[in-house]
Amino acid sequence: MKILTAFFLLGLSVSAYPQNTGARSDALGGAYLGLSDLFSAANNQALLPKIRKVQAGIFFQNRFLLKNLNTGAFAVALPLGKGTSALYYRNYGYSLYRENQIGLAYALPFGPDFSMGIAINFRSLQLGEGLGSETAFYPDIGLNYQISKLFSLGFQLKNITLAEKAAQLNERWPVVGSFGFNYMPNPKLLLLAQGNVFASRPFELNAGVEYSVSDLFSLRMGFTTNPSRASLGFGIKIRSFQIDLTSSYQAMLGFVPSLNIIFINEK
């Protein structure tokens, strides 16, 4: 009975919430393809070359205020030659159902306008009550093209090898193709939109807007479809730390708060 409850909670959570990492992208309706920050390591590796200083950070999310639906993540990025490398870890769930992900990413710019990144992921699924565990390796590939100073395009494929999540259930880790754009009409305003095509879920649209009140403070809002949810958040920089806080709301299931803290080595 407990394991059935676990799968029920998981099903509600996955169907109602995208699989991005980071409170900034949460605030922007789950749009992430054009965001260049530490969690590009997991979201769109092609943006990593824009990180030219060592960064490390943590992310925490609680879905629908349920203690069994927590996500925690850690990432570190290091410029390496012309490109940037990154290591990240993500954990979701609890004792009856737990997902773990470790990823190693590297991205390179190819000229001033185009960059490409790849990540190799190790993922595991642990089930309680003696149901065992599953493991898998698979790659993600991300691309970014800066059409102009104002406009850029992003593209990503997740789990391109169709790695299985639970063989006995004929279930795979998320297989997702994403395409999106960023439009920055002025240095203070950023508009994002992104579409996601899933192997086992309806098409999803993410969109958001970010307004930089100053170099130290930003306001954000966004929405997601299938199912619909809205989000609000802000970001603040305190010395060498970037702090982002978000809350989103899904009408059927409730609130999803998230927080990340990123350290940027300014030296």
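Q: Which residue in S16 stands opposite Ala56?
A: This is a predicted model, in which local features need pLDDT of at least 70, side-chain atom pairs count only at pLDDT 80 or more, and totals for chains, interfaces and linings use all residues. Residues are numbered from 1 along each chain as its sequence is written, and side-chain values use heavy atoms, with hydrogens and water left out. Strands are DSSP runs of E with at least two residues, numbered from the N terminus, and two of them pair if DSSP finds at least two bridges between them. S1 and S16 run antiparallel and are joined by seven bridges; in S16, the residue opposite Ala56 is Phe263.

Q: How many bridges join strand S15 to S16?
A: A hairpin connects S15 to S16 through three residues. Phe241 has Phe263 as its bridge partner in S16. The two strands run antiparallel, and the number of bridges joining them is 10.

Q: Is Ile51 buried or exposed?
A: Ile51 lies in the loop between helix H2 (23-27) and strand S1 (55-62), a helix being a DSSP run of H or I with at least four residues. Buried means under 20% relative accessible area, exposed over 50%, and partly exposed in between (1.4 Å probe, protein chains only). Because its relative accessibility is 3%, Ile51 counts as buried.

Q: How far apart in space are Ile51 and Thr84, C-alpha to C-alpha?
A: Contact means heavy atoms within 4.5 Å. Leaving aside neighbours within four places in sequence, Ile51 has several contacts, including Pro79 and Thr84. Ile51 and Thr84 are 33 residues apart in sequence, and their C-alpha separation is 6.9 Å.
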